[in-house]
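Here is a short report for a first look. Keep the model in view while reading.

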Amino acid sequence: MIKFHPSEQHLFHYVTGDLTPAMLMMVGTHVDMCPHCQNEIQHIEESLAQKVFGQAQVPAELTEQVSFFDGESMLASIMSQTPKRITPVMRQDVPNELVLEGKRFQLPGTLARNQHRVGEWQKILGQMWRAPVHVGGEDVLTFIYMDKDTRVPEHTHKGREATLVVNGVFNDERSEYRDGDFIFVDDSVIHTPETRHEDCLTLSALDAPMHFTSGLSRLLNPFSSLFFK
Amino acid sequence: MQTVTTPKLERKHMSSAQPDDPDHAAALLALVANEQSRQAFSELFHYFAPRLKAYATRQFGNEQTAMDLVQETMTNVWNKAHLFKPDRGSASTWIFTIARNIRFDFLRKNKHRQHDLSADELWPVLAETNDSLDDDYALDDDLLMQQLAGYCESLPKAQRTVIELIYVEGKSQQEVADALGIPLGTVKSRTRLALQKLRELINSDD
Ligand SMILES: [Zn+2]
């Protein structure tokens, strides 16, 4: 059961496409995994469609902008095309599996469709690996894999961090997070994610490099941009 | 020049039911999908195109871009009406998501960003896949269409019809049930039996 969901605002802007590429991937992947949010998305789409198309008449203030609408010639030109019908539908299996350290992970649809964007895996600390996901934009989208019994040094964020559990379990001071859980923290939060008896594959979006605060900080901080950027 | 945005002229084209009635809009899309009905498409166009243009003009603040969005959206409605699945939402929601995808790609192209996501990768609204099938029913990747056609010959007629409607015409199982006037459960069991039989035939050939 998924306990942590994106905010209503995240879902809304996912529907309109007005999030950063990294956040679109994060929210989209959560939605793939979460029937509750799939339902929300459907409601948002319906209400937006209602807003755009629902009026019995196009409101006057809009028709004023729409000064000239050559509908008939456009209509004719569209209908002069022959619809491409009866496409043989053989299921083209999208490669939806990620293999890492001998383990196989099923990827939700959004990630599976974008698997070609996943860069090379690198070991970062002890039992942690990361791979960038190249989606453009200012944010940094990263796969992070932690083997069991692994701890991320305590850190704060200069910006905001969203984390999504793709597979497995991790804990921090506040809770336990499992498949599909979506966690959004801002720069006021200090936390120490760790895995215990299970490993964990997460997807993380950062809008600024992490800032480590623990005893390891001196060691790590110069590298944090390497790790997470 | 006709201005279809004026309510008076717009009304003139309408029958009693209007495309803002979800059932009527879905029926019109089905007519476009199955018969390439020009009349049904014209009715959809006269309703949706001016509203799309109003939406797009507000979004882009540019009339030419807005017209491009209208044209691209309505072209997809004409060409891909068969991908509309009435059990997943209303016709206007489907058209809205097509327009949303086109808007997203327009904005992306304007920024010239190499790595940016495409709308299809995020929201596969117009993907030509048949994801209404359960995984059990998925056929192996390397199975060729022609090979399949050959094997289909040896299926019982009832199973063959179901397989053709699903895999060749891309209908959902619910649509097949509706089209043949048989229960959904029957479509599912025929599909399962047929695929089982096909797998056996293919394996015995190896
Ligand atoms: Zn959710």
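How many residues of helix 3 of chain B are buried? The count is 19 of 23, so the helix is mostly covered. Buried means under 20% relative accessible area, exposed means over 50%, and partly exposed lies in between, with a 1.4 Å probe and protein chains only. Helices are DSSP runs of H or I with at least four residues, numbered from the N terminus.

This is a predicted model, in which local features need pLDDT of at least 70, side-chain atom pairs count only at pLDDT 80 or more, and totals for chains, interfaces and linings use all residues. Residues are numbered from 1 along each chain as its sequence is written, chains are lettered from A and ligands numbered from 1 in the order in which they are written, and side-chain values use heavy atoms, without hydrogens and water.

**Helix 3 of chain B**

Helix 3 of chain B covers residues 38-60. B:S37 caps its N-terminal end. A side-chain oxygen of B:S37 lies 3.5 Å from the backbone nitrogen of B:Q39. At B:F45 the helix bends by about 30°; the bend is the angle between axes fitted to the seven residues ending there and the seven starting there. Just after the helix, B:G61 has a positive phi of about 60°.

**Rings and charges**

Over all chains, the structure holds 14 aromatic pairs. Rings of Phe, Tyr and Trp (its six-membered ring) pair if their centres lie within 6.5 Å; planes under 30 degrees apart are stacked, over 60 edge-to-face, and the rest tilted. The centres of B:Y47 and B:F48 are 5.1 Å apart and their planes stand at 80°, so this pair is edge-to-face. B:Y47 and B:F48 are both buried. In chain A, ring pairs link A:F4, A:F170 and A:Y177 into a cluster.

A charge counts as over a ring if NZ of Lys or CZ of Arg is within 6 Å of the ring centre and within 35 degrees of the ring normal.

| Charge | Ring | Distance from ring centre |
|---|---|---|
| B:R51 | B:Y47 | 3.8 Å |
| B:R100 | B:W123 | 3.9 Å |

**The zinc ion**

Which protein residues are donors of the zinc ion? They are A:H5 (ND1), A:H30 (NE2), A:C34 (SG) and A:C37 (SG), at 2.0 to 2.3 Å. Donors are N, O and S atoms within 2.8 Å of the metal (3.2 Å for Na, K and Ca). Along the chain their spacing is H-x24-H-x3-C-x2-C. A:H30 and A:C34 are buried.

Note on methods
Helices (H or I, at least four residues) and strands (E, at least two) are DSSP runs, numbered from the N terminus. A polar contact is a pair of N or O atoms within 3.5 Å; within protein, one must be able to donate a hydrogen and the other to accept it, and residues adjacent in sequence count only if both atoms are side-chain atoms.
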